[in-house]
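The following exercises are to be worked through with the sequence and the structure at hand. Each task is followed by a solution in steps.

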Amino acid sequence: MIATESLSKRFPRVTALDRLSVDIGPGVTGLVGANGAGKSTLIKILLGLSPATEGRAEVLGLDVATKGGAIRERVGYMPEHDCLPPDVSATEFVVHMARMSGLPPTAARERTADTLRHVGLYEERYRPIGGYSTGMKQRVKLAQALVHDPQLVFLDEPTNGLDPVGRDEMLGLIRRIHTEFGISVLVTSHLLGELERTCDHVVVIDGGKLLRSSSTTDFTQATATLAIEVTDSDAHPDGTRAVRDALHARGVDTHNEGQGLPGAGHILLLTAQGEETYDLIRDVVADLGLGLVRMEQRRHHISEVFTGSDEHDSDEQRKEHAGHGG
Ligand SMILES: Nc1ncnc2c1ncn2[C@@H]1O[C@H](COP(=O)(O)OP(=O)(O)OP(=O)(O)O)[C@@H](O)[C@H]1O
């Protein structure tokens with residue numbers, strides 16, 4: 001879908017992209033980087049809106065340096081910043097954008113109605129955009145990116161400014177763009193963690209350089225750590241402790257007692273040695289007459305892959321949520 005080769009963009013004072021080479025296939029891909037990492041610059045080059053200083057790039061097999069117009073016919077773009085006219089309705093605006101993309105009047109109106117419904121805008125679509133909430137404006141921006149039925153969409157920070165519920169809804173919507181319509185998505189975020197559930201593939205850039213490009217499952221590989229949770233009983237008022245003691249008696253060590261996890265005191269963590277470990281846990285829990293609430297392999301979170309970024313992410317999210325009354 002997208003291929004760049006040693007792509008650079010230098011402004012007089014900053015190198016926004018620094019010899020970036022990356023291949024992006026179909027599906028939902030996250031482009032992650034801190035503010036100023038070069039995400040928006042990359043998108044503008046890929047749309048043929050801004051020339052690269054060096055290197056080359058192709059989108060859908062088309063060279064960005066010479067085929068910008070053809071690329072923009074096939075690609076939808078949701079820009080980061082507020083760019084909506086306040087005094088027209090969502091319907092008028094999206095119809096206009098559909099007409100600009102070359103759809104005839106009737107098709108433009110039909111596609112607009114379908115697309116606005118798909119992004120979750122109903123009666124309010126006839127009201128002026130100026131009165132919309134941030135979440136509604138983001139939906140209008142998404143609708144205008146989809147209205148001409150593109151093969152690929154670039155979404156620049158679509159969750160920016162949204163509260164946690166709005167963020168989840170937007171991420172769900174993005175996932176469905178691919179699963180229901182087969183449109184591939186490149187979505188940027190400065191929050192690595194939020195792309196974990198949405199993206200098949202994640203590209204991380206920093207200071208305009210590629211840090212990592214891999215499938216989300218590679219980022220979130222299963223660890224060998226098992227998390228176990230059991231019920232308590234009259235005979236064993238502290239079921240977790242009883243299981244821990246029984247496992248220790250059989251020479252199996254538990255570690256950390258689930259520090260940092262919600263309900264930490266009730267979760268036992270241990271390293272699985274193979275199938276026997278699962279059988280042993282089952283037998284120990286059954287012998288004690290307790291119920292096994294869960295036994296699961298812990299997975300890495302994407303943000304754990306980068307030292308310290310975990311805390312950074314949650315701090316950022318707290319700050320953003322605080323700004324929106326959450
Ligand atoms: N037109 C420009 N002129 C000069 N510098 C620019 C220009 N556009 C971007 N930059 C600089 O290039 C760097 C990358 O910016 P870019 O907007 O691509 O980052 P980003 O990852 O999208 O971050 P953000 O989410 O904050 O927009 C930044 O240091 C920015 O200040």
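**Exercise 1.** In which hand of crossing does helix 3 pass helix 5?

*Solution.* The model is a predicted one, in which local features need pLDDT of at least 70 and side-chain atom pairs count only at pLDDT 80 or more, while totals for chains, interfaces and linings use all residues. Residues are numbered from 1 along each chain as its sequence is written.

Step 1. Locate the helices, which are DSSP runs of H or I of at least four residues, numbered from the N terminus, as strands are runs of E of at least two. Helix 3 covers residues 90-100 and helix 5 covers residues 134-146.

Step 2. Apply the rule: a crossing is right-handed if the near helix is turned clockwise from the far one by less than a right angle, and left-handed if anticlockwise. The crossing of helix 3 past helix 5 is right-handed.

**Exercise 2.** Describe the packing of helix 3 against helix 5.

*Solution.* Step 1. Two packed helices are described by the angle between their axes and the distance between the axes. Axes are lines fitted to C-alpha atoms over the stretch in contact, with angles from 0 to 180 degrees between N-to-C directions. Here the axes come within 9 Å and cross at roughly 25°. Helix 3 is therefore roughly parallel to helix 5, a label for angles under 35 degrees.

Step 2. List the residues in contact (C-beta atoms, placed from the backbone, within 7 Å). Helix 3 contributes Ala90, Phe93, Val94 and Met97, and helix 5 contributes Val140, Ala143 and Gln144.

**Exercise 3.** Which residues of helix 3 are buried, and against which helices do they pack?

*Solution.* Step 1. A residue is buried if 20 or more other C-beta atoms lie within 10 Å of its own, exposed if 12 or fewer, and partly exposed in between, with C-beta atoms placed from the backbone. In helix 3, Ala90, Phe93, Val94, Val95, Met97 and Ala98 are buried.

Step 2. These buried residues pack against helix 4 (105-118) and helix 5.

Step 3. After helix 3 comes Gly102, with a positive phi near 100°.

**Exercise 4.** Is Glu276 buried or exposed?

*Solution.* Step 1. Glu276 lies in helix 9 (residues 275-287).

Step 2. Glu276 has 10 other C-beta atoms within 10 Å and is therefore exposed.

Step 3. Between Glu276 and Val95 there are 62 Å in space, C-alpha to C-alpha, and the two are 181 residues apart in sequence.

Terms used: Angles under 35 degrees count as roughly parallel, over 145 as roughly antiparallel, 65 to 115 as roughly perpendicular and the rest as oblique. Two residues are in contact if their C-beta atoms, placed from the backbone, lie within 7 Å.
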